[in-house]
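Take a look at the sequence and the model first.

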Amino acid sequence: MAIKLYGTAASTNVLRVMACLAEKELDYEFVNVNMSNKEHKSPEFLSRNPFGQVPAFEDGDLKLFESRAITQYLAHTYPDNGTNLIIHDPKKMAIVGVWIEVEAQKFDRFGSKLAWELAYKPMFGLTTDETVVEEHEKNLEQVLDVYESRLSESKYLGGDCFTLADLHHLPVLKYLFGTKAKRLFDARPHVSAWAADIQSRPAWVKAITA
Amino acid sequence: MVVKVYGPIQAACPQRVLACLFEFGVDFELITVDLDSNEHKQPDFLQKQPFGQVPVVEDGEFRLFESRAIIRYYATKYGDKNRNLYGTTLEEKALVDQWLEVEAHHFNDMVYTIVLQKLVIPKMGGRTDFDLVHNCEKKLEQVFDIYEQRLSKNNYLAGNWFTLADLSHLPGIRYLMNECELGHLVRDRKKVNLWWDDISNRPAWKKVMQMFNGQG
């Protein structure tokens, strides 16, 4: 199979690519990377991702890492498959690009650290640091306030339709919604409605229950 | 109509955008935003950029923020002037995006923390956390080791020509080489050193530096 995704389905960065592949209805081979055996630090894996992180990806001869580079490659290369996750008008796509950056630079910064404290640490038998949680919740709330304002003017973050800008949030939302951090989203009506909408997309539901 | 770029010339993110605009020969007007007096947190500015950060770009009625979204837009818009900057095929573009992500997630966080600790916090009367600076420096050593490996196979990060992925590093490395006094990270690595000398001598970046130096 031409498309291969290397990683573990527990990783938010791997899930980001899985969400995209599901929306695009693309067949691929999932190659599990055993992170508890440090397989991601093996010389073989480092040749796929020199930073020793998941995911790694290949499509025929093309090898990529960094989940948001992979999703953008898929969205642009397979425009006619499944859901269209980009916009062809350059100015409208630039606005999608702004909110892709916002997710990467601002939402993920605090969201993934909260997911680590509240969701991953308990899974690994580690103790949550409530001081860190409080600090990151405050930071995330400031970001969500901007989202609330944006989503009161725009149905989705990038514009009128669902795009990569929304999709990129799904994995961290999945983890945070299973924790007390869900209340931060519930407290903001437009954010809450948007989060419910994108998380109920059939492709995403299929990707995480398969 | 001239593109308006809001932000101080001293800040890394506006420099990233200006380097890109100079590469494409796009006329612009730089409108300084005074970060020291918190101008970027005032209601007028928050209307333009809801996170209260620089830069913002206004191109007629069209407004954008997030420097890496801005450079991608202009590289796409003016692709015919220099097709290599964002790749000529989908695969090349994917590699540019990959190394842009590396710059944003692996490199930038470390540089940002070092600049904050060594330059911004003391200026505001606070104390530098030298342990944190040292940790960031160690992580940057690992990042630059990966760059050294990459640049021994390719002339530039995304391939054999200069792209947005290289351009995006210019402001951060400039800080490391100057005010942060961490030039050894570059100078100790043969390929990284050659690469830095090459990209920092590009006419577009030199024009950004002229603006930077012209303001003291």
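The model is predicted.

**Chain B: overall fold**

Chain B holds 10 helices and 4 strands. Along the sequence they run β-α-β-α-β-β-α-α-α-α-α-α-α-α. The radius of gyration of chain B is 17 Å, close to the 17 Å that the globule rule gives for 216 residues, so chain B is as compact as a globular protein of that length. The C-alpha trace of chain B spans about 50 × 45 × 30 Å along its principal axes.

**Within chain A: domain 1 against domain 2**

Chain A splits into domain 1 (3-78) and domain 2 (90-208). Domain 1 of chain A gives 15 residues to the contact, and domain 2 of chain A gives 20. The centres of the two domains, taken over C-alpha atoms, lie 21 Å apart.

Charged pairs join the two domains of chain A: the count is 5 salt bridges. R16(A) pairs with E103(A) in a salt bridge, with 3.6 Å between the closest N and O atoms. On the domain 1 side, α1 (12-23) and α3 (67-77) of chain A each give two or more residues. α1(A) gives the most, with 8 residues. By class, that side of domain 1 has 7 nonpolar, 5 polar and 3 charged residues.

**Between chain A and chain B**

Here 29 residues of chain A are in contact with 30 residues of chain B. Which residues of chain A lose the most area to chain B? They are F51(A), E101(A) and K106(A), together 21% of what the chain A side buries. K106(A) also forms a salt bridge with E66(B), at 2.6 Å from N to O.

On the chain A side, β4 (62-65), α3, α4 (90-123) and α5 (130-151) each give two or more residues. The largest share, 13 residues, comes from α4(A). This side of chain A has 16 nonpolar, 6 polar and 7 charged residues.

**The two contacts in numbers**

| Contact | Buried area | Share on carbon and sulfur | Salt bridges | Residue pairs in polar contact |
|---|---|---|---|---|
| Domain 1 of chain A and domain 2 of chain A | about 1400 Å² | 67% | 5 salt bridges | 7 residue pairs |
| Chain A and chain B | about 2700 Å² | 68% | 3 salt bridges | 7 residue pairs |

The polar-contact counts take in residue pairs with both members at pLDDT 80 or more.

Terms used. Residues are numbered from 1 along each chain as its sequence is written. Chains are lettered from A and ligands numbered from 1 in the order in which they are written. This is a predicted model: local features need pLDDT of at least 70, side-chain atom pairs count only at pLDDT 80 or more; totals for chains, interfaces and linings use all residues. Side-chain values use heavy atoms; hydrogens and water are left out. Domain bounds come from an automatic or database domain assignment. Contact means heavy atoms within 4.5 Å. Buried area is the accessible area (1.4 Å probe) that two parts lose on being put together, summed over both. A salt bridge is a side-chain nitrogen of Lys or Arg within 4 Å of a carboxyl oxygen of Asp or Glu. A polar contact is a pair of N or O atoms within 3.5 Å; within protein, one must be able to donate a hydrogen and the other to accept it, and residues adjacent in sequence count only if both atoms are side-chain atoms. Ala, Val, Leu, Ile, Met, Phe, Trp, Tyr, Cys and Pro count as nonpolar, Asp, Glu, Lys and Arg as charged, and the others, Gly among them, as polar. The radius of gyration is taken over C-alpha atoms; the globule rule is 2.2 Å times the number of residues to the power 0.38.
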